[in-house]
Amino acid sequence: SSSRRASFPATNPAQQRVAWRIFEHSTKLPPAMPSTRSKCCLAACLALLSPQSTIADLGAALRRSSSVRVPAALPADAPLSGTFVIPLERVQARSDDAKGASFYVGKVSVGHPAQRLQVLFDTSSGQVILPHRACKNTACLEHRSFSPWASSTAMDVNFNGTEVQAGHRLAEGLVTRDGAVVSYTQSDLGEGEVTAVLVRDSVCMESAGQSTSRACVDLAVLAATKMDDAPFRAMPNDGIVGLGLASLAVSPMSSFVARLLEGSRNILPQFGIRFGAESGEIHFGGHDSSRLMSPLRWFPVDHPEDGYWQVAIKAVYVGSDIVDNCEHGCHGIVDTGASRLGVQAGNLPKLEAALTKSLVVMGQQCQGADLKFDLGDMVLRLQASDYTGEDCSPVLGSLALEEPAFKGVYAFGETVLRRYYAAFDWEQRRLGFAPLVATEEGNTLVATAVLV
């Protein structure tokens with residue numbers, strides 16, 4: 001194991017200062033399991049943690065309003081009582097270097113009174129990450145942040161849920177607290193780290209078309225006191241709401257879906273995601289069958305203990321040619337935070353060459369062979385228009401996963417999710433897929449072949 005020292009510059013003599021203990025240990029993977037829990041994971045990887053005390057400044061230039069001087073109150077908990085739909089908007093990355101990269105974002109409110117932020121709902125992350133009001137990195141300052149001092153329900157907590165400082169809702173003076181370093185790799189924008197502490201508060205969602213309908217989760221949020229420029233500065237969202245399995249979270253109190261479903265009754269313990277040309281939806285507690293061209297086909301999550309929504313792939317085809325026979329295993333990880341189709345770096349040249357060879361411009365249309373992922377009982381089929389850019393060349397993202405420990409990893413992001421509805425069964429650890437019906441928004445779909 002190893003530890004790293006983090007420090008935060010003091011800019012105000014009256015600032016609150018805390019000692020922050022960072023724990024860190026490596027995560028051992030099952031033999032021959034090409035998961036992404038590593039330094040170069042698809043999205044958020046935890047550098048979980050071991051004792052190292054560090055002085056950390058969390059209070060630079062904070063405005064403390066009178067609203068925070070009320071007695072401490074527990075965060076509001078308003079679980080689901082029926083199907084809940086969150087609208088998503090497709091927005092472009094903020095960087096010219098990431099031309100073509102887009103993200104589907106939604107709104108949440110945190111604390112009381114509510115602080116509204118724009119977030120990416122990310123199936124490859126395990127927790128909610130929001131910029132802390134005390135963070136002074138450019139990546140934080142260019143986004144909206146969360147201020148615990150402005151919320152009457154915020155509480156500083158450790159990984160086990162205990163108060164950082166007994167008798168104080170928010171820590172004061174010199175104290176020791178738990179913190180985390182999270183590595184976040186984004187196939188479009190690069191890799192960077194988040195340094196964060198835990199703050200317990202309510203995170204609320206609003207349902208589509210029903211501004212008065214809310215679902216709130218009492219959650220331990222990772223409040224980032226430091227964010228690297230890459231990839232966070234170019235991301236259009238303020239924060240990230242992780243929808244990964246519970247084992248990806250830093251603590252049981254940090255798993256968004258687990259906490260959401262804990263107090264909910266009479267709902268399906270599932271959620272589903274649909275991406276369209278300019279917007280999308282997340283369905284919690286059920287699915288809208290009118291969006292689906294055929295019934296959902298369900299597959300067991302492969303190695304659910306690793307926390308990722310991943311399914312085994314039997315083979316990968318370009319047209320009728322096999323480009324990856326998955327002899328040593330292949331996995332498709334549903335990653336709603338990825339714009340491009342992610343391909344493990346070692347497999348990328350072969351796949352890119354096979355796709356490029358098949359492509360041709362006919363009139364103003366880019367035509368080429370279908371890219372197919374054989375899941376056994378179903379094939380996920382992408383047309384040339386799905387995986388190419390304006391210049392009729394393949395648009396793929398490289399996944400820098402170490403070999404030979406990792407083999408055959410593919411990230412099913414926007415490229416796949418604009419063609420297929422993805423369903424996530426929290427209780428039975430299953431992934432479901434169904435082709436989306438054509439909509440006026442611009443989805444043009446074809447029937448999907450099924451392998452028996």
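Which residues form one aromatic cluster? Please walk me through that part.

Analyst: Happy to! First, some ground rules: this is a predicted model, where local features need pLDDT of at least 70, side-chain atom pairs count only at pLDDT 80 or more, and totals for chains, interfaces and linings use all residues. Residues are numbered from 1 along each chain as its sequence is written, and side-chain values use heavy atoms, with hydrogens and water left out.

Now the cluster: it is made up of Phe-256, Phe-271, Phe-284, Trp-309, Phe-424 and Trp-426. To talk about rings, you need a pairing rule: rings of Phe, Tyr and Trp (its six-membered ring) pair if their centres lie within 6.5 Å, and planes under 30 degrees apart count as stacked, over 60 as edge-to-face and the rest as tilted. Searching the whole structure turns up 11 aromatic pairs.

Take Phe-271 and Phe-284: their rings make a tilted pair, with 5.7 Å from centre to centre and 35° between the planes. Phe-271 belongs to strand β14 (residues 270-275) and Phe-284 to strand β15 (residues 279-284), so this pair ties together parts that are 13 residues apart in sequence. (Strands here are DSSP runs of E, at least two residues, while helices are H or I runs of at least four, and both are numbered from the N terminus.) Phe-271 is buried, at a relative accessible area of 1%, and Phe-284 is buried with a value of 1% too. Buried means under 20% relative accessible area, exposed means over 50%, and partly exposed is in between, using a 1.4 Å probe and protein chains only.

Next come Trp-309 and Phe-424, an edge-to-face pair at 5.2 Å centre to centre and 80° between the planes. Trp-309 sits in the loop between β16 (297-300) and β17 (310-313), while Phe-424 is in strand β28 (residues 420-425), so here the pair ties together parts that are 115 residues apart in sequence. Trp-309 and Phe-424 are both buried.

Trp-426, another cluster member, has a charged neighbour: Arg-429 lies over its face, 5.1 Å from the ring centre. The rule for a charge over a ring is that NZ of Lys or CZ of Arg is within 6 Å of the ring centre and within 35 degrees of the ring normal. You can find this arrangement again at Trp-298, where the charged end of Arg-430 sits over the ring, 4.2 Å from its centre.
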